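Welcome! Let's take a walk through this structure together, one stop at a time.

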2 protein chains.
Amino acid sequence: MGNCIEKCKSGSHCDLKPKWAIVGGGNGGQAMAGHLALMDFNVKLYDIIPEKVQAINKNGGINVEGVVQGLGKPDLVTTDIAETIKDADVIMVVAPAFAHKNIAKACSPYLTDGQIVVLNPGSTGGVFEFVKVLKDEGCTAKVTVAETQTLIYTCRSDSFGHVNIFAIKKGVGVAALPANKTDKVVEILNTAFGEFKPAKNIIATSLENINSVVHPTPILLNLARVDNGTDFLYYFDGVSPIIANFLEKLDEERINIGKAFGLDITSAKRWYEIEYQLEASNLYEAIQKTEAYSDIKGPKNVNTRYIYEDVPMGMVPIAALGRLVGVKAEKYEAIIKLAELIFGEELLKNARTLENLGIDGMTPEELLKYVETGERN
Amino acid sequence: MGNCIEKCKSGSHCDLKPKWAIVGGGNGGQAMAGHLALMDFNVKLYDIIPEKVQAINKNGGINVEGVVQGLGKPDLVTTDIAETIKDADVIMVVAPAFAHKNIAKACSPYLTDGQIVVLNPGSTGGVFEFVKVLKDEGCTAKVTVAETQTLIYTCRSDSFGHVNIFAIKKGVGVAALPANKTDKVVEILNTAFGEFKPAKNIIATSLENINSVVHPTPILLNLARVDNGTDFLYYFDGVSPIIANFLEKLDEERINIGKAFGLDITSAKRWYEIEYQLEASNLYEAIQKTEAYSDIKGPKNVNTRYIYEDVPMGMVPIAALGRLVGVKAEKYEAIIKLAELIFGEELLKNARTLENLGIDGMTPEELLKYVETGERN
């Protein structure tokens, strides 16, 4: 218990059966808790909302439909974070990125040596931030914090205790801090999921954030429609040729930042080609060819994660990593600035700046050493 | 001839009958040439497009409808700029602001002492730019350059030689460089128009540019619709509450720049209240109450003066004047930057920067002295 990572040898199949704590009972958290319970793992589910916890308990667990089916019965569904993470080998945080900071604070007193925390996903800089908060909170437990590139499920929960899993993604990248623990984390995750794969490091998982490309900018460039609640297809109507062209140039900044860190980051266009098995000559065409977008509508108001998550937890840390490594990200900066001016300084209050990630003042070499080894100068 | 301004004494009614040259045969230029001809003034009309000139000549003049009616017969309609401005007392430039520079170049060799050039309107910094270009071109003629705040006509020409004048605006502000010649210019203009009034100086006329507030930003924040040619009401649909709120904060920057120059600039909200005789608690309400906007649709593509005129000839010089006088215009700057990043550097190639206005390196005091007296240190 709590030291699974020490027992598991990299390279060989991990024969332990880890205990799981799921922090966050939204779409993804319920899917994961239900799925793990149906696979007979010991799993506990935490959510901050008492009504949700009560509803799931009243339901006797989580009804899972779709590619996984059955009534998954977690060992505990609770609003008690201490009980949730106690004795867990792996703590899966399945929550919006803007909640990570408070989750880190809430977990901090109860974490114990050997536990693994995985942010599903980390957005950009999730692990940096989580580790920084634990340090600031005085947490001395030797835990390994990791993040996935994206949530492993495509799923939706229309009511508490019911979730539909449309698909389980294959090959979702994972990276730990330090990177030399990534393989072990992947192995442990794959005792249940089978399909995670190691990413190079947490800079890679941070930069593989396509949302930072396709979310905030189209919201701004369709702001009247969103603010007025006008019906429109988010991608098909909202990403016009000129906007797609701009997004592609913005995307180049992200890719160039990756290059400066020695990383081969997937372009948004390429991501669509891989994810949706299509070919396109540019991003506009790629998006227009993505059939899954044919009924994705724009948000009906500006209180959307496309802004409140993807600007402060996506665009800000990407631009910040750019500054750290000396790569200009003026398109990222311009959109961040405009979003701040329109939505107010509050938007960036908890943004993942270099300072809030605990990596300000580092040289690129120092940062790379830190992500690879966990050692800081 | 050509020295009307010297003969006309400020304060008394000007009894001269000036000769007019109209440069630009668009909606406004045709309205003005037709109107002046119908008032029996000597008037010549220039346009750069031979087909337009031929059509007007074939028509025997300009058919004016609306609040002024009749066939106005200019003394000359030509593509020859030299012939047009020869012997004119007043040269009325009625053209998009982005054409002012080339018009100044074209006029430069033919201008003579005592002539008055009036930009209808100057957008922002029109006179500064015109004077700078004349100087760069080596023009030594002693001319007075002035600008109006807005075109005096509300009008539309649906075909060459035909124009409908819906209204002639009252109290349109005019300022000359130097400001101590403004009264004389107004007097001369009012021999024909009667309703111009002196503005404090060309910084005032420059800053009274409402278009810089209500044009580029809504285009950007409705960019997908404009780029896709989607039908929408430009003001009613395109300026949502959040956008109007942002425009109002952007507008404060313009007003604060004016204050720093000792000017009381009209806010956009107040402008609507005055212009359309309404009362509103904020800019959103003012725009929504403007009945004249009920059928104003958004442009169907991005090749619109709302971008190509109002960013480089409106927002850029306003932000530049802000920098000169030490007033932060970060909202102006943010929109300019985003427009440049989306539409390319070409957009700002001829932008009215302090340098292109010939006022870079000046202190606010030096600039004020220059606009008041025409003297530079």
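We begin with A:E248, which sits in helix 12 (residues 241-260) of chain A. Keep in mind along the way that this is a predicted model. With a relative accessible area of 23%, A:E248 is partly exposed, because buried would mean under 20% and exposed over 50%. Setting aside residues up to four places away in sequence, A:E248 touches A:K269, A:N282 and A:L283. For a sense of scale, look from A:E248 to A:N57: the two are 191 residues apart in sequence, and their C-alpha atoms are 46 Å apart in space.

Now to where two helices from the two chains come together. Helix 17 (residues 330-343) of chain A packs against helix 17 (residues 330-343) of chain B at an angle of about 140 degrees, and their axes are 10 Å apart. That angle makes the two helices oblique to each other. Their crossing is left-handed. On the chain A side, the residues that meet the partner helix include A:A334, A:I335, A:L338 and A:L341, and on the chain B side they include B:A334, B:I335, B:L338 and B:L341.

Next, the interior. Nonpolar side chains tend to be buried together in soluble globular proteins. Here the largest nonpolar core has 189 residues, and A:L111, A:F261, A:L367, B:L111, B:F261, B:I359 and B:L367 touch the most other members. Take B:L111 as an example: leaving aside neighbours within four places in sequence, B:L111 is in contact with B:I85, B:I91, B:V117, B:L134, B:C139, B:A141 and B:V143.

Finally, some details of the backbone. In chain A, a cis peptide bond joins A:N120 and A:P121, with omega about -10 degrees, and A:P121 lies in the loop between strand 7 (116-119) and helix 6 (126-136). In chain B, the bond from B:N120 to B:P121 is cis, with omega near -10 degrees.

Which way does phi point in A:D40? Although A:D40 is not a glycine, its phi is positive, at about 70 degrees. A:D40 is in the loop between helix 2 (27-38) and strand 2 (43-46) of chain A, and at 60% relative accessibility A:D40 counts as exposed. A:D87 also has a positive phi, near 70 degrees, but A:D87 is partly exposed, with a relative accessible area of 39%.

Note on methods:
Residues numbered from 1 in each chain as written. Chains lettered and ligands numbered in written order. Predicted model: local features only at pLDDT ≥ 70, side-chain atom pairs only at ≥ 80, totals over all residues. Heavy atoms only, no water. Axes fitted to C-alpha atoms, helices over the stretch in contact; angles between N-to-C directions. Helix = DSSP H or I, 4+ residues; strand = E, 2+ residues; numbered from the N terminus. Parallel < 35°, antiparallel > 145°, perpendicular 65-115°, else oblique. Left-handed = near helix turned anticlockwise from the far one by under 90°. Contact = heavy atoms within 4.5 Å. Core = buried A, V, L, I, M, F, W, Y, C linked by side-chain atoms within 4.5 Å. Buried < 20%, exposed > 50% of the residue type's maximum accessible area, 1.4 Å probe, protein only.
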